[in-house]
Each structure stands twice: as C-alpha cells, then as structure tokens.
Amino acid sequence: MSAAGTVRLTIDGIQVEVPKGTGLVEAALAAGIEIPVFCYEPRLGAPVGACRMCLCEITPGPPKPQAACTLQATDGMDVRTALTSAVAAEAQNATLEFILVNHPLDCPVCDKGGECPLQDLTFRYGPGNTRMTFPKRTFDKPIPISPLIALDRERCILCYRCTRFSEQVAEDGQLVAVNRGSQTQIATFEDEPYRAPFTGNVIELCPVGALTSTTYRFEARPWEIQDVPSVCGLCPVGCNVDVTTREGKVKRILSRNHPEVDQGWLCDKGRFAHQHLNADDRLSDPLLRVRRRGFEEISWERALDVAEQLLRGADGRIVTALSGSETVEQAYALAKLLRRGLSSHTAMLPEEVSDALDSFRVPLSAIADADVIAVLGDAPIVERAPIVELWVKQAKRNGARVVTSLDEIGEASDPILIWCGPGGGGGARLAALAESASAKGAFYLPETANARGVCDAWAAAADTEPANPDPIGLLIVSGDEAAANPDVRALAEQAERVLVISMFHGLAGGWADLVLPGTSYLERDGTYVNLEGRLQRLRRAVIPPAPDELVWISRLAERFDVAVSPYPSAVFAEVSPIAFGGIPFGVVGDLAELPPATEGHVPGQSRDMAVSEPSGLRLIRYRPLFSGPAVERTPELQFQRPLAEVEISRHDATDRRIRTGDDVTVSSNGTSVTLRARISDDLRAGVVRVADEHAGDLQPTVELST
C-alpha cells in the first residue's frame, strides 16, 4: 500500500513511490531510469507528445506503446521502457529513424554537435545505418530569425519547444509554426525579426541545431571550451549563468537553472551583452589628462602616484558616485580606503536600499503561487528586473490576479507586493504597505544590479556621514553606470578634479582628470546581493586587460596606512561578520540559499500610501533594459533598443480617442515630443510611460494631444 498522497508503481521491474500527480518521466528518474525525450520540457507547461520519443509499454492500458510524457504515475501502473521491452525499443528506434529521414548530416559543422540530444539519443537508441537512399530535403540556410538567432530549417524536428516558449512562457506570441504536416516550418509573422526581451532562450531549448546563436555560431567546439558558473551582473535579479570561454575570451552565456531565482531563463541582455568586453574603446592602461594634448597613457605606478596626489590635495570634500555594479568586496574596500584614510568624504550611493523588507523575505518563485500580486510604482517590471516579469506571467497562468493598487487586493490570503518605480524609499515604504496588507512577501526592485550589496558594504566600512555643504574638491566616479549617468556628469562640472573608474574611454574621455581602467562582472571574483537579499557568488571567467580594482585599491590604501587585502575572499571575511552573519566565502555556493526572513515587522500604515494620485497625467520615465554602456557596445542588440513610443492605459486612450499606432504629442511646461502611441492593459489610468532616451526634458505632469 502506498502512503496517503503518493502512488506506487513499477518501472522496468523497479518499484518506486512518488507523489500523486507526478509525471511518468519524473517517476522514472526517481527509479534511476531515463525515458528519452525531445519535446518534453516541464517549464513549458502541459506536455504535447509531439516527438513520440518517450514511447513505453504500460499496463494496464492500450496494447500500443504510449507517450510517457503525457501520462501521470498511478497506483499499480507497470511501465516497461526500451530497456526491458522489445516493443518500446522498436518504437523508439522507428521514431528516431523517422526523425532522421530528412535530418542533414551536419554534425561536423553544426554548433550543437557534441551537445546535441538528438546526436546522443541516436547513438544510444537509433539504428546503426540508414535504409534511406533518396536525397534529403534541403532549404535555404541560415534564415535570420533576428540579428541574434539563425534558423537552419532542415534540422528542425518539430518539437515545438520554441513556439511553446514564445506562446506560453514569454507570451510574446511572435514565434509560430506555419503550414501543416511535412511542410510545417518555424517562422515569425511576415518574417519580422523576433524582437522581445527573452528570445535567446529558444536557442537553449532547441534539442537540435535548428536555432543557433549568431554571435556563437562557428566560434567554438564543445571540447575546446570551459564553462564557469557565475551570476549575471546586469540587473538586480542575479540570474545564475554558465560563462563559456575559449582561449581566454567569453564566447557565450548559458542559463544555469536556479529554481527559486530564474527557473533557467535569461533575458537577451544577460545572454548577449558579454560582447562589451571586446569594445573598441576598452581601456587597458590608465589615462591622464595633459593640457593641450588631451589624454596620454601612463603606467600604473604613476597612476597611483596621481591618485594619491588627488586624494591628498583635494581642496574641499571628496565625493564618490557609485554605480551599483561593484562587488560587495570592491565597495567595502573603496569605502574603507576613503573613510578611514581621509577625513572629509561623502558617498553618492546608486540608491538607498532598506533592510526593512527582510521580514517579508520569500524567494522569487513564491510569486508563481500567490493569489494576488500588487505591482506598485508604475515602471515596467520587464525593463528593470525581467525575470520577475516571467514569474508574474506564470502566476497569472496559475490563476493569480495582478492589481496596481492595494485597494484592489480585497480579502486575498496570499498577496505578494512588488515595487517597481520611483519614490519607493529603498523598500522601507513598501515594508509598511506589506505590513498593512498582511502580505506573504514583498519585493523592491532596485535600478542597479548590486544596489543592496553596495549599500551594505559601504555601511559596514564606517558609520554614515552627515551631509557636507563644502565644495567638491574631488569627485570619484566608480563604474560605467555612474560615468554614463547625467546627474553624475552634472556633479562633475562642480568638482575641481575628477577621477573615473571605467572600462571605456568614450564614457569619461571628455571630463575626467584621471581614468583608471575598470573590469566587468565577468572578470571579477566576489559577491552580489540580489533583490531577494540573496548573497551570490561571482566567479572570474576571463582575465581582464587591466588589474582588478581590489588590487590597485589595496596598493593605494597602503599609502594611507589602511589595510585592504587584494583578495576577495579576505575582504569578504572582514565584511561578512558585519553585514552577512559571518557566512564564509566558500559557503556561498553555486546555488546560493536565501537567508531566512528576519523576525519582527515595521509599524503598519494605511493602504492609502500605495501610490499618490496625480492631477492630470503623471509621466513615468524608465531606464530601458536594452540600454547602458554594455548594450551600446553590442551591435546585435541594437534592434532591441526601445521604440519611440508612449505607453497609455486603455482608459486614458479611450477618453482621448487614441489608438495604438497614432502619433501623439506629449507636452509639459512648453516642452513636447511626438511619439507613437501604444495602449497597455496593464497600465493604470492617469499614468503614461516613456523610455528615458525618448522623454527629452518632459516634466512629471504631462498632457497628450493627437
């Protein structure tokens, strides 16, 4: 007898007990038996049984072999796979033979060769030779699905993984199957580029070499590469990745499934923007401004001499503008040098991130199981934390209601709050709202990748200093995001001297006095803290062309009698007891665990605090996902840049008789821009959204006219 809530069945003579509702493929794995599949992928929703590779003999049941992926384990079921059933083995061999009838012998040149499920299963289950002597079918190749993805149509086995992802996970609906029967092909509508935030996932989902990456195509073979486990450093989600390297260069980024964080999905920015490492204006040596001659390259020893002179000779206060992309260790080391080696210093943090939400800490995967999700703040989630958007879509498919005000929550027992927008108070305000709503969990979405980690590390180095009205004697700009920030540029105009840490000459060449080469998250060892409050490991995938920031910070600190180690593990050992509970560096593993929620809650406040209603239309400016220094230096991502459009709620569009595609003039205080209208069902009335690069000088309150 099986226990309550479980079923007991036999697979190839092995008894196994699994929870009710377990699919037969998973039940077989619990027995240590693999049922081969091509089309089956549990993350894509209900199975479709398209490839028939999983055929098994099942008793009780029909006399013919059954597709195991479409069945659930039941009590008393007897399953015989190809390992013990001649009928199942013959069926699988026939399935493979049919798949290979027109499949080209591209293995020597196919990028999937050596990593190909079809190749592997053909060796294990397929016939040793072919009975087919007629010419195989051919098509023009490759077909550009987008600047990022190439399609070799004759390799496609019609598993429909790609179209199911487009339809059921990303919900962009752009990748479809056209025609019928043997003429079925994967395509986009009218051959338009596949333009969406998550298109690259279909490359990994494809079980053959039909969909390949244009940036990785013909770049490497599986036996020539190494995969380094790390996390993406381009947004606050911190998706887990494998960084593929060959001969010291990053060749591709693959997802590395963390079921609580990313579920194995990646946005296209995280997957393809690694090409910024090879930008034409990448710096490898320090640059010093020389009057009348622009910049000249100098040695690191002289650069440290100049940096010391700038720090000691600053007439006024020293201000540091941080990017939020620094590792915990870099931020702590820089703070320790500046706060303990110098007397007058002010930090300009990327944003304040409060620990008030720690008592509402749950994994991102909890979003999928919520009854109600309140998305507050009005900025688009997908532009700030794209994988959170996929979790919200999964929740909606599971029956959750998504609302934009706490007043709409009602009596839901399981609400999740998400703040995505300006004015969130670093999460402290959201914590008060979560308390008043009795929320199961709450997420504040920072604008930068490691905002929480940088704030924690900076605070750990010394107490927060009061505001200082003195003139800025020296401005230190840490990282490319800060160097590209217009507010930081404006601050630089007030500073007597400017020291910039940047990967690229183009960001600081016109206004810095000293530029020290920076590194990318792909070139660093250290830790990041994601929007859940989860501490995760970055691992260096390739050696940067310049020394790691910790190395020269350590050498510079010596000149001020401040002890800073050049090794991330040693720096982390110093900061961890202060900020992270003393966890050792080596314990932050490949799949980092989420710290438990803290005890205690913040004082409750009224639900009326959720979002203040503006008079007129309120403009929400947002920084697009496909923007910033890394995207600007990745040519293949330029087609993903935001369109010149204004997003309007259906209610406001109806009132103003505006339709999608209309030219709309957005105006405020004598300033106006003309943009294409797009109507959104997810945007609440009274709010319009425009990407920063198309908003010009528009003010927070705007008017619309056609």
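Two strands are taken to pair if DSSP finds at least two bridges between them. On this basis, I476 has L499 of strand β23 as its bridge partner in the predicted model. The strands concerned, β22 (residues 472-478) and β23 (residues 497-502), run parallel and are joined by five bridges.

Both strands belong to an open sheet of seven strands, arranged in the order β15-β14-β24-β23-β22-β16-β17 with mixed pairing. Because β15 (294-297) and β17 (345-348) each have a single partner strand, they stand at the edges, and one side of each is left without a neighbour in the sheet.

Helix α7 (residues 300-312) lies across β14 (287-290), β15, β16 (317-322), β22, β23 and β24 (514-517), and runs at about 130° to β24. Helix α8 touches β16, β17 and β22, and its direction makes about 170° with that of β16.

Helix α8 (residues 328-341) also packs with helix α12 (residues 451-461). The packing of two helices is described by the angle between their axes and the distance between the axes. For α8 and α12, the angle is about 35° and the axes are 8 Å apart. The crossing of α8 and α12 is right-handed. On the α8 side, the contact is made by V328, A331, Y332, L334, A335, K336, L338, R339 and R340, and on the α12 side by G453, V454, A457, W458, A460 and A461. Of the residues in this contact, 11 are nonpolar, one is polar and three are charged.

A second open sheet consists of five strands in the order β2-β1-β5-β3-β4, again with mixed pairing. Its edges are formed by β2 (14-19) and β4 (66-67); each has a single partner strand, so one side of each is left without a neighbour in the sheet. Strand β3 (residues 55-59) runs antiparallel to β4, the two being joined by two bridges, and L55 stands opposite A67 in β4. Helix α2 (residues 86-100) packs on this sheet, where α2 touches β3 and β5 (78-80) and its direction makes about 155° with that of β3.

Strand β1 (residues 6-11) pairs with β2 in the antiparallel sense over six bridges, and I11 stands opposite I14 in β2. The two strands form a hairpin with two residues between them, and D12 in the turn has a positive phi of about 50°. Strand β1 is also joined to β5 by two bridges, and these two strands run parallel. Here T10 stands opposite D78 in β5.

Elsewhere, the buried residues of helix α11 (residues 428-436) are L430, A431, A432, L433 and A434. These buried residues pack against β18 (372-376), β20 (415-419) and β21 (441-444). Just after α11, S438 adopts a positive phi of about 50°.

R384 is located in helix α9 (residues 381-384). With a relative accessible area of 14%, R384 counts as buried, because the term applies under 20% relative accessible area. The side chain of R384 reaches the backbone oxygen of L445 at 3.0 Å. Apart from neighbours within four places in sequence, R384 is in contact with C235, P236, A379, C420, G421, L445, P446 and E447.

Key. Residues numbered from 1 in each chain as written. Predicted model: local features only at pLDDT ≥ 70, side-chain atom pairs only at ≥ 80, totals over all residues. Heavy atoms only, no water. Axes fitted to C-alpha atoms, helices over the stretch in contact; angles between N-to-C directions. Helix = DSSP H or I, 4+ residues; strand = E, 2+ residues; numbered from the N terminus. Left-handed = near helix turned anticlockwise from the far one by under 90°. Contact = heavy atoms within 4.5 Å. Nonpolar A, V, L, I, M, F, W, Y, C, P; charged D, E, K, R; others polar. Buried < 20%, exposed > 50% of the residue type's maximum accessible area, 1.4 Å probe, protein only. Polar contact = N/O pair within 3.5 Å; in protein donor to acceptor, adjacent residues only side chain to side chain.
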